[in-house]
Amino acid sequence: MAAALRLLDERCDGTFDCADGLWCDDSVGPGMCAAVVGAGGDCSASIFACDDGLDCTDDVCLAQVGLGDDCTVARCQDELHCVDGACRAGVVGDPCADSS
């Protein structure tokens with residue numbers, strides 16, 4: 001039987017110990033489940049502090065960017081890749097341009 005996920009302000013050993021919407025903050029002592037940080041919030045304590053769909057970039061939670069968007073500051077959504085400063089679709093090994 002799996003252990004129950006821990007709730008806000010309960011002790012934890014890692015982020016996967018905490019319930020949805022929480023992360024394990026061990027930046028100032030024993031780990032405690034803390035609320036995730038929203039867009040624009042401070043994530044200097046951990047890259048795990050940001051809410052789903054956000055990435056910690058320069059200690060700030062930023063939204064992942066979509067197809068064709070500038071990826072020089074923020075990270076592309078998971079299914080996309082940053083190519084020449086813009087988010088592009090495709091997988092490793094795909095041609096980069098139409099060769100015809």
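Contact here means heavy atoms within 4.5 Å. The legends below describe a predicted model, in which local features need pLDDT of at least 70 and side-chain atom pairs count only at pLDDT 80 or more, whereas totals for chains, interfaces and linings use all residues. Residues are numbered from 1 along each chain as its sequence is written, and side-chain values use heavy atoms, with hydrogens and water left out.

**View 1. Cys61 and the largest nonpolar core.** Not counting residues up to four places away in sequence, Cys61 touches Val37, Gly38, Ala39, Gly40, Gly41, Cys43, Cys50, Leu54 and Asp55. Cys61 also belongs to the largest nonpolar core, which has eight residues in all and includes Trp23, Ala34, Ala49 and Leu54; such a core is a set of buried Ala, Val, Leu, Ile, Met, Phe, Trp, Tyr and Cys residues joined through side-chain atoms within 4.5 Å. Buried stands for under 20% relative accessible area, exposed for over 50%, and partly exposed for values in between, with a 1.4 Å probe and protein chains only. In soluble globular proteins, nonpolar side chains tend to be buried together.

View 2. Strands (E, at least two residues) are DSSP runs numbered from the N terminus, and two of them pair if DSSP finds at least two bridges between them. Strand E1 (residues 22-25) and E2 run antiparallel and are joined by four bridges, with Asp25 standing opposite Met32 in E2. Six residues lie between the strands of this hairpin, in which Gly29 takes a positive phi near 145 degrees.

**View 3. The disulfide of Cys43 and Cys56.** A disulfide is assigned to a pair of cysteine sulfur atoms within 2.5 Å, and by this rule the count comes to six. Cys43 is joined to Cys56 with an S to S distance of 2.0 Å, and the link is right-handed, with 90 degrees about the S-S bond. The pair links distant parts of the chain, 13 residues apart, with Cys43 in the loop between strand E2 (32-35) and strand E3 (54-57) and Cys56 in strand E3. Cys43 counts as buried because its relative accessibility is 2%, whereas Cys56, at 22%, counts as partly exposed.

**View 4. The disulfide of Cys71 and Cys82.** The sulfur atoms of Cys71 and Cys82 are joined at 1.9 Å, and this link is right-handed, with 85 degrees about the S-S bond. Distant parts of the chain are linked here, since Cys71 lies in the loop between E4 and E5 and Cys82 in strand E5, 11 residues apart. With a relative accessibility of 10%, Cys71 counts as buried, while Cys82 is partly exposed at a relative accessible area of 46%.

View 5. Gly66 lies in the loop between strand E4 (60-63) and strand E5 (81-83) and, leaving aside its neighbours within four places in sequence, is in contact with Gln77, Leu80 and Cys87. Gly66 is buried, with a relative accessible area of 11%.
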